[in-house]
Structure formats: structure tokens, C-alpha cells
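Hello,

Here is the structure I promised to pass on. Please take a look, then read my notes below.

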Amino acid sequence: MHLRLQIQKFNYVKIGYLLLFVYLCWPSRFAMIYYENIPGNEIYDNLIRKISRNLSQFNQGIQCDYTELLEENHYFYKKFTTDDIINKIEIKSGGEFWPEECTPSFSTAIIVPYRKREEQLKQFINYIHNFLRKQQIHYKIFVIEQGDDKPFNRAKLFNIGSRYALKENFPCLVMQDIDLMPLNLGNIYACTKRPRHMSSSLDTFRFNLPYYGLVGGAIAIATEDFVNINGFSNVFQGWGGEDDDLYKRLLNKNYRIIRFHPSYAQYTMLKHTRERRNPKRNEYLKNSYLRFDIDGLNSLVFSEIEIHKNTFFTHILVQT
Ligand code: BGC
């Protein structure tokens with residue numbers, strides 16, 4: 001009898017430890033408590049419905065319905081395989097798409113900074129077209145390649161991309177890294193009324209948000225708001241800090257960042273070697289505010305080496 005009690009007690013302790021272990025490892029353990037987010041059933045009302053060109057001629061003005069997409073929020077990710085060929089016919093040269101069976105409510109320029117990651121470029125382009133077409137939005141992909149040997153300037157490449165998107169009247173910009181794959185179809189690539197940090201639930205951070213002001217990875221921002229904050233700073237060369245500086249620019253103009261519920265904002269990151277860190281990033285961040293009005297879109301200098309309409313994206317090669 002005594003022995004049986006002891007065995008039982010031992011089992012309870014074991015189960016207790018096991019539960020504690022599972023709790024500690026649970027990927028989204030902290031995901032909810034750190035940030036303000038839009039639940040799935042409120043996403044549609046928070047979106048800015050605006051398109052860059054008249055697309056109703058293709059479908060007698062029948063509006064696309066996003067209810068199912070947002071409510072069901074299907075998990076989409078499937079590891080890239082070479083036979084996963086996208087249907088070329090539907091995608092217009094330069095990497096533009098709009099659904100033809102209905103008129104979309106959103107036009108989004110997807111801006112992707114790039115240098116020397118050919119394999120990732122292939123994977124990203126293939127994946128993102130398959131993903132975005134399911135969302136029935138109008139979009140175009142701009143890949144902005146840094147053609148010089150200076151340290152990578154992600155922020156400046158975003159600024160450059162926004163110039164091209166502006167020329168084509170895109171009302172919404174999604175600025176995103178090439179190594180990030182959105183997992184949930186409900187994470188619609190359209191702009192919310194408030195600038196949105198899209199990749200708040202990233203696998204490499206165990207689906208947690210490391211700090212409230214993080215806006216790196218992927219962000220959706222209305223073009224007019226991006227212009228209003230004078231875009232990114234151009235001075236950040238090498239890894240780190242440019243997104244923290246953008247956050248300060250947003251606060252300075254009273255924009256409050258928003259995010260989707262973590263179950264909508266999940267991303268997976270492809271493996272890669274790290275970019276060289278910018279040793280000056282903390283110094284720049286200390287005096288960000290001195291540069292808000294004089295460093296950004298209004299001081300952007302670059303030269304276009306080549307612009308090419310590829311089958312799946314518009315490729316813009318620049319010298320920064
Ligand atoms: C850097 C950011 C980066 C973040 C997450 C920060 O220390 O300044 O640029 O996005 O870490 O990796």
C-alpha cells in the first residue's frame with residue numbers, strides 16, 4: 001500500500017515536470033501579452049480599400065469577397081520544391097497580378113531589397129506568387145538589387161523601391177525581407193489604417209515578439225504615410241538599427257503601430273548567413289530625431305543601373 005502511494009506520487013511529479021516542460025517550450029507562450037493586435041473578425045474593417053488602377057473592366061465590377069480568406073485563415077506553407085512551378089499565364093510581365101474573376105479591393109507594391117542570394121530569390125518569388133494569388137489582391141513585386149560593394153543598405157533600397165511604386169500609384173507598400181515566408185493566408189498583403197508590423201510571430205523568435213518597437217521583417221504601410229514620415233533613413237549601412245529608426249519616425253508623426261493576431265502573423269525564416277553588423281547603429285539611433293526631416297525620401301540619391309521586367313518580378317538594379 002505504502003509503496004503504491006509512493007509510485008503514484010512519483011508519477012504525479014513526473015507528469016508535473018512534463019507539463020512544465022511543454023509549457024516552457026510552447027512556441028507562442030508569450031505571443032499574446034506583448035502587443036496590441038487585430039483579431040481575425042476585425043481585420044476587414046481595418047483595411048484601407050483602395051486600388052491603383054481601374055480593374056473592373058475585366059469582370060463587370062463584381063467585387064472580390066475576402067470573408068472566407070480572413071475567417072478561415074488557412075495554413076499555407078509547403079516547403080519549396082522545384083516542381084512547384086507557378087502558372088505563368090496568370091502573372092503579367094514584371095510580376096504583377098490581379099484576379100480576373102472579381103475586382104480586388106487592394107493594390108499593393110511588394111518591395112524586396114536584394115543582393116547575392118539567388119537561391120532565396122527563387123524560393124521567395126515562387127512561394128509568394130502562389131501565396132498572394134490566393135488572396136485575390138492586385139499586387140506587383142519590385143526586387144531592388146544593390147549593385148555596389150558597400151555594406152548592404154536595406155533601408156535605402158526600400159526608399160528606392162517606394163519611388164517606383166509611387167510612380168505607378170500604388171496606395172499601399174509592403175516592405176519585406178526576402179527570407180521571410182508568410183504562413184497564414186489570412187495575413188492579407190494589404191494596408192491597415194495604422195502602419196502594420198506583419199511578421200510579429202516569427203519562428204526564429206519562437207513566435208514571440210522580442211520587443212514592442214520591433215518593426216523589422218515585413219511591414220505594411222500606406223504610401224502616403226510612408227511619404228509623410230520621410231521614409232527610412234538612408235545612413236544605416238550593414239545589419240541593424242534601420243527598422244528601429246523607422247519606428248521612431250512613426251512615433252514622431254503620431255502613428256501607432258498595429259499587428260494582426262499572432263495566429264495570422266506567423267512567418268518562417270529561411271536559413272542564411274548574417275549580414276555584417278553596422279557598428280554605428282546605436283550611435284545613429286541616439287540622434288535619430290535630428291535626421292527625421294533631412295534624411296530620407298527627400299534626400300534620396302542613387303543611380304539606376306538597369307530596370308528589367310522579368311517574368312515574375314520587376315528587377316531594379318541600383319548603385320546606392
Ligand atoms: C536591431 C534590429 C533588428 C532586431 C531584431 C535589433 O537589435 O537593431 O535592426 O531587426 O534587433 O533582430
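First, the annotation. The unreviewed UniProt entry places "domain: Galactosyltransferase C-terminal" on residues 196-273. Keep in mind that this is a predicted model.

Now the ligand. Which residues are around it? They are Phe205, Tyr211, Leu214, Trp239, Gly240, Gly241, Asp243 and Asp244. Sorted by class, that shell has 4 nonpolar, 2 polar and 2 charged residues.

Asp243 puts a polar side-chain atom 2.5 Å from an oxygen atom of the ligand. For Asp244, a side-chain N or O atom is 2.6 Å from a ligand oxygen atom. Gly241 takes part through its backbone: a polar atom there is 2.9 Å from an oxygen atom of the ligand.

How much of the ligand does the protein bury? On its own, the ligand exposes 310 Å², and the protein buries 72% of that.

Last, the site itself. The ligand takes up the space of the largest pocket.

Best wishes

Note on methods:
Residues are numbered from 1 along each chain as its sequence is written. This is a predicted model: local features need pLDDT of at least 70, side-chain atom pairs count only at pLDDT 80 or more; totals for chains, interfaces and linings use all residues. Side-chain values use heavy atoms; hydrogens and water are left out. UniProt positions are given in the numbering used here, feature names are shortened, and annotations may be inferred rather than shown by experiment. A residue is near a molecule or strand if one of its heavy atoms lies within 4 Å of it. A polar contact is a pair of N or O atoms within 3.5 Å; within protein, one must be able to donate a hydrogen and the other to accept it, and residues adjacent in sequence count only if both atoms are side-chain atoms. Accessible areas come from the Shrake-Rupley method with a 1.4 Å probe; for residues, only the protein chains shown count as cover. On a 1 Å grid over the protein atoms alone, a cavity is a set of points where a 1.4 Å probe fits but cannot get out, and a pocket is an open set with protein on both sides within 12 Å along at least five of seven lines; lining residues have an atom within 4 Å of a point. A molecule sits in a cavity or pocket if more than half of its atoms lie within 2 Å of its grid points. Ala, Val, Leu, Ile, Met, Phe, Trp, Tyr, Cys and Pro count as nonpolar, Asp, Glu, Lys and Arg as charged, and the others, Gly among them, as polar.
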